Amino acid sequence: MKVDHISISAYLDDFSMITIVVNKPFPIIPSLSLVDDKKVLQPLTIDKQEYYDDLVIYKCRSRIPIDLKNRYWVTFNESRIPLMIGSIVRTAKFDSLYYDDTSLGAIYTPERTTFKVWSPVAYAMRVKYKPRQSDTFLEQKMSRTENGVWQVTLEGDHHLTEYLFVVNVNHEWVETTDPYAKSVTANGVHSVVIHLPETDPEGWNRSEKKINLRSKTDSIIYELHVRDLTIHFDSGVVNKGKYLGLTERGTKTSNGFHTGLDYLKRLGITHVQLLPVADFGSVDETTPDSAYNWGYDPVHFFSPEGSYATDPYDPICRIKELKTLIHTLQQNGLSVILDVVYNHVYKREESPFEKLVPGYYFRFDEGGKPVNGTGVGNDTASERKMMRKFILDALTYWMSEYKVDGFRFDLMGIHDVETMNLAAEKLKSLNPGVFLLGEGWDLNTNLEPENKATLSSAKKLPSYSFFNDAFRDHVKGSIFPDGQSGFINGNQDARIKSHMKQVMRGYAGQHDTFLKAEQSINYSECHDNHTLFDLLSIRHPFEDEFTRRKRQQLALAFTLFAQGVPFIHAGQECFRTKNGVENSYNLPDNINAFDWKRCESFYKEVDYFKQLIRIRKTQPLFHESSSVLSEWKVPEGGLGFELNLPTTDIKEDASFWTNALLLFNQTTKQIYIPIEEKRWTIAIEDEKVCHRALNEEQYRLKPLSFSLLYSV
């Protein structure tokens, strides 16, 4: 508001503190009062005057506590300005007074549906709804509870009723979708009431409780994007780029090479990690081929994305088809991890969070500006009670309704330790074997360092595994082409070599990063940054491709045989390339599609990948926590590690190995390694499975190669 060329705003920052913000000082301090709907005046006392950037801030105090059920204005010089909701929503008192633990959203029964939404700062609220087979929207007033939950019950069967909330906040009416909406119309224009049993695919058992008993170190994670894996012209898939595309059996290239689901089954991986499948805002669902995105632009956290559905206009379709995908993967022996994004929203100002309770769900600096640790313009505030409740509600919903096996948390370092531990406790009560992992980067957000769910807090978060950047950097080098190179690049820096034992034992121990190796997600490539093949092309521009592929296979050996959890980016096994593009999050299919022709051409390397997985999975030596790792003396340019399983832990099966010798050569010359009297058998040599007895006193390790020897 402008009065005499002075721009004025007023914000409620506490239950008795009001902040007046002006673009230049008042020439004469005015007489300020507070007035409500009933025109009851309360004088305001100016406590202090502050300056922030180019603004002048007057801190005023009301003698009477302010009731959030009312609307208020600040009056002066016969003018009045609306009192807006300010930082009051970020006070401990607000969290304490208005926390509500009841179920929110559209609570459906065939006889009636109750709509519940939390907004303690709303002056009034209505639900705007359009029943199925109706062309007209109706409206119904909602009533407010003491905790700030607004609710109304509509009689009758409202399955597939579209709805919005119409809310009066900050002296204006706005429309918003329901943050708890289980499904939405195309592009999330309207929320939709859903009778969830109607979304169950054939063979789905609603009463079945999903229990996973596989240990983390028995797991091999394979990260993929729903669209990428089937969109290629020669994938042989009918529903290319869709949820259902990954459920099709018997798909092959034109030359008969297995693709899609059949390919995944044959790899031997245990977990499929799907890039975000919750509704995101950067692809027009009505024309899904017109744009591409990884999906890290969340809008509706409970509803599946519609661009992967065969009919984005049908609110049931997106749920049923995603459930079909999850069910099919699980029926084929693959556990499913969802990549979830609770650290930010697509557009803060347009988010239901911001429309319903302005300023509550996000972090702000002392000047009232949104914090941007995520780099996308906003950071959610997981430490606030109703944001914490929202995250826990969403996670438990995906686990109970979609029966997923785990969650990967995008930018987990934005979240607080307490929320993440509460989430783990809740999820493990539903499935003791739930797989939880996340990115533990330390980002610049408004949270005390000791409270951030970062790598440095790993020992406070025993249920979580972390993307191990140290593993990545020491094996392949920095993600930045001009940064330090890693072991596979031939870097013989003593500091790199000294870290390789940590690499092999998963950075676990009393004086290391993790409590146990199972907390270490061992990876050399993921959807972010260059693929390893492309990075090696940049780092070694004068090497032939065969040599660069040898380097990449060294990284694969470290990933699969180091203690911890192996993580593979889809296509890594066949040298996936994105034509040198570093960040392909919104680029076309010709950059991002899984290239089945390329995969087919590297069928020998794919088979090698399968053999390595088979060895890791069938030999307890590589995933038992009791295995003991020691260094094996090798010449300069090589690395050697002996792994042995204490006799007390050796199973009766005579095929189990008691010792293994892992040998790595980072040079372009062969290395001769002294071998003790113990009889060894060669399992892997120069990317081939051989099982040949070794009788020589010196073993010849070929250039840029990995060898695996064992004894029983």
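You are looking at a predicted model, where local features need pLDDT of at least 70, side-chain atom pairs count only at pLDDT 80 or more, and totals for chains, interfaces and linings use all residues. Residues are numbered from 1 along each chain as its sequence is written, and side-chain values use heavy atoms, without hydrogens and water.

Select β29 (628-631) and β34 (688-694), the edge strands, each pairing on one side only. They belong to an open, antiparallel sheet of six strands in the order β29-β30-β31-β36-β33-β34. Strands here are DSSP E runs of at least two residues, and helices are H or I runs of at least four, numbered from the N terminus; two strands pair if DSSP finds at least two bridges between them.

Next, pick β33 (residues 680-685), which pairs with β34 over five bridges. The bridge partner of I684 is V689 in β34.

**The helices.** Now show helix α11 (residues 545-561), which packs on the sheet and touches β30, β31 and β36 (706-711). Contact means heavy atoms within 4.5 Å.

**The cores.** Finally, colour I20, L264, F407, F664 and L708: of the 174 residues in the largest nonpolar core, these touch the most other members. Such a core is a set of buried Ala, Val, Leu, Ile, Met, Phe, Trp, Tyr and Cys residues joined through side-chain atoms within 4.5 Å, buried being under 20% relative accessible area with a 1.4 Å probe, protein chains only. Helix α6 (residues 385-402) gives the most to this core, eleven residues. Another core, of 13 residues, lies apart from it and includes L663, I673, L694 and L709.

Terms used. Axes fitted to C-alpha atoms, helices over the stretch in contact; angles between N-to-C directions. Buried < 20%, exposed > 50% of the residue type's maximum accessible area, 1.4 Å probe, protein only.
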